[in-house]
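The sequence and model are shown first.

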Amino acid sequence: MSAVNLKRILNKPELPSLLQNFANQFNIAIAVELLDGTKILTMGEHLVANRYPIEVSGEIIGWVVGAQPATLVANLLSLLAKQEAEKKELAKELLERYQEIDLFEDISTQLTTSLDRRQIAQLVLHEMSQLMESSGGTILLLNADATAFETLADFGDFCQYNQPKPGKGIIGDIVQSGRAELINNVPADPRLWRENNIQALICVPLRARERILGAIAIGADRIDAYKAEHLKLASIFASQTAIALEKALLYEHSIQATAQAKAQTEKLQQALHDLQLAQTQLIQSEKMSSLGQLIAGVAHEINNPVNFICGNLRYVTDYAQDLLHLLQVYQKFLTVTPADLESELDNIDVEFIMEDLPKLLDSMKMGSDRIVEIVQSLKNFSRHDESQKKPVNIHHGIDGTLMILRHRLKAATNRPEIAIIKEYASLPLIECYLGQLNQVFMNILSNAIDALEESIVNNPEEFTQPQITIRTELLSDRWVVIRIADNGPGMEEEVMRRIYDPFFTTKELGKGTGLGMAISHQIVVEKHQGILKCRSQPGQGTEFWIQIPVDSAMVEVVEPKNSNISDPVVSVISPTESSPTADPEGFIPSTTPMLKPTDLLARHTQMLQQLSQHNPDVAAATPEQIYEIFQRHPISLKLYATLLSWFYCPNSTPIHHSENNYVQPN
């Protein structure tokens, strides 16, 4: 198909009127047709069926139909079509020149910005193959002692089986001499050595600061394929490539030089992180250990009398039923009751006793069952963390934690009851430290209750249905997911990214240590090789995602296969580094930041500010008065002591804890 559009030519403003005047002057009818016979212009009547071609460079693009004078119209349209074709050809040439200039600018930009030498070489070869005839090409880099070439990039069969060597063959000789060459008859060259796959060759050394780095070679599979302008083009590519490769090599050397220092720094950072983590756990582990021992002791002491009550209550119920039945039989056979007995029966209200005693025994049965449930929940929560994981039902741990928190879920004078919605899936037994996971459930559920209570206090009219939803599910038969969501006020993203920071808390002084989520992260991620992540938005509540393997022995490195499974290997980051990004569902994975001296100083300042808010005279207080203030806030005293130890004992020996640091029941 011709590049000239005949319809566009006829749409020029002056042409139709000119043709009309021509037809009127010669008193003829004319028509213009496309090659397929479609008429695109008709003037006059009684059209004579003579056809005259409209041609452009020997190609017919249409016809003029009419009497013999219509040949003039055909010649005119042919001339206009030729001019149109020439304009398009000129525009095409200008576009090609512009594209070449743009190409060189783009190549120069990419070469100077990239620091990957193989990427640079691949880019150069690709662009050269687009501008020059070629069947193969390669970019070679000399090693440090100039005894061998390293192939950075190649294409075609240039050196697929015949690796060039310095000083040997055409390429080796050109690199040694340092002069670019164009060879249009490679087989006839006396230096031929393994360059058997090409007939024509251009080879240009890569020179940077009077040093030969390597060479660019490109070849064709026919003789006399290249001209002098091709050699000039290759030389331009070589000069730009040499500069870019030199920068890339300098960058690689700098990377190698810093790698050793970085490795040493990472070892020191890891040692510092281990120390900080051990110190972070110290306060919480002591508290949880004492709490675990207390809970286990109370549960053990209550267990025996409760068993005694529950065991004998069944017999009491049977005896009471027998006595009531006997009383009913006496009433049946002794229709006339003696006066003294009648008076005694009226005093004790026998009818009410007969009606209320079974209800009283049922109530006692319900109370004893409730005590048994509480004792069992206390035992589950304070379960001894053996040195090995045990297969357990994770639902029992969740239910036990809810049982302990039941007093906080009930309705109070200033708020309604917090509803618990359970959506449990059918789960297998999970190998885990249930006591430690119970601590995670306790931390997250307690925080959810605190958030709901805060919402009710701040917005009592708008917030009337507080609830916590607990979902469990099985992923790929390898993972168990526990999702705990509340419909509370939610969190800002800045707060959500800091909830795992040791000592970070949004609660008032004395109500939170800021260690709960840091410990929870360690239990889930490090102890169980799992995942802990969170998503929240202001006004839309908060949801935590706890994911642990069904069998930890089968999970060495987590390799998630779908969007629901995130990588549990969380790098240790500092506040100045980039924070983790949210996954497609909006969850942000947990991290364990390393506290730098500036962060410790910020925690120190924050704690003193909180103390001064509750004690305005602290600035003028004596050391004895300050100590009394700390005694009224023992948690703050422990936190303050830990912060000071981080300042003044940076090289202290890490405190290692056993697997049962968190709870230690009897």
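**Helix α5 and its surroundings**

Helix α5 is followed by Gly 178, whose phi is positive, near 80°. Helices (H or I, at least four residues) and strands (E, at least two) are DSSP runs, numbered from the N terminus. The model is predicted: local features need pLDDT of at least 70 and side-chain atom pairs count only at pLDDT 80 or more, whereas totals for chains, interfaces and linings use all residues. Residues are numbered from 1 along each chain as its sequence is written, and side-chain values use heavy atoms, with hydrogens and water left out.

Within α5, the buried residues are Gly 169, Ile 170, Ile 171, Gly 172, Ile 174 and Val 175. Buried means under 20% relative accessible area, exposed over 50%, and partly exposed in between (1.4 Å probe, protein chains only). The buried residues of α5 pack against β5, β6, β7, β8 and β9.

**The five-stranded sheet**

An open sheet is formed by five strands in the order β6-β5-β9-β8-β7, with antiparallel pairing; two strands pair if DSSP finds at least two bridges between them. Because β6 (149-156) and β7 (181-183) stand at the edges with a single partner strand each, one side of each is left without a neighbour in the sheet. From one strand to the next the twist averages 15°. Axes are lines fitted to C-alpha atoms, for helices over the stretch in contact, and angles run from 0 to 180 degrees between N-to-C directions.

Strand β7 is joined to β8 (residues 200-208) by three bridges, and the two run antiparallel. Leu 182 has Ile 202 in β8 as its bridge partner. Helix α4 (residues 117-131) packs on the sheet, touching β5 (136-142), β6 and β9 (211-220), and its direction makes about 35° with that of β6. Helix α5 (residues 169-177) also packs on the sheet; its direction makes about 30° with that of β8.

**The α11–α13 helix pair**

The axes of α11 (residues 434-458) and α13 (residues 516-527) come within 9 Å and cross at roughly 140°. The two helices are therefore oblique to each other, given that angles under 35 degrees count as roughly parallel, over 145 as roughly antiparallel, 65 to 115 as roughly perpendicular and the rest as oblique. The crossing of α11 and α13 is left-handed, meaning that the near helix is turned anticlockwise from the far one by less than a right angle.

Contact means heavy atoms within 4.5 Å. Residues making the contact include Leu 437, Val 440 and Ile 444 of α11 and Met 517, Ile 519 and Ile 523 of α13. By class, the contact has seven nonpolar, six polar and one charged residues. Ala, Val, Leu, Ile, Met, Phe, Trp, Tyr, Cys and Pro count as nonpolar, Asp, Glu, Lys and Arg as charged, and the others, Gly among them, as polar.

Most residues other than glycine have a negative phi. Asn 27 has a positive phi of about 55° although it is not a glycine; Asn 27 is placed in the loop between α2 (15-26) and β1 (30-33). With 70% relative accessibility, Asn 27 counts as exposed.

Asp 477, likewise not a glycine, has a positive phi of about 60°. This residue lies in the loop between β13 (467-475) and β14 (479-486), and Asp 477 counts as exposed at 66% relative accessibility.

**The chain as a whole**

The protein chain comes to 16 helices and 17 strands. Of its 666 residues, 42% are buried. Among contacts between residues at least 6 apart in sequence, 66% join residues at least 24 apart.
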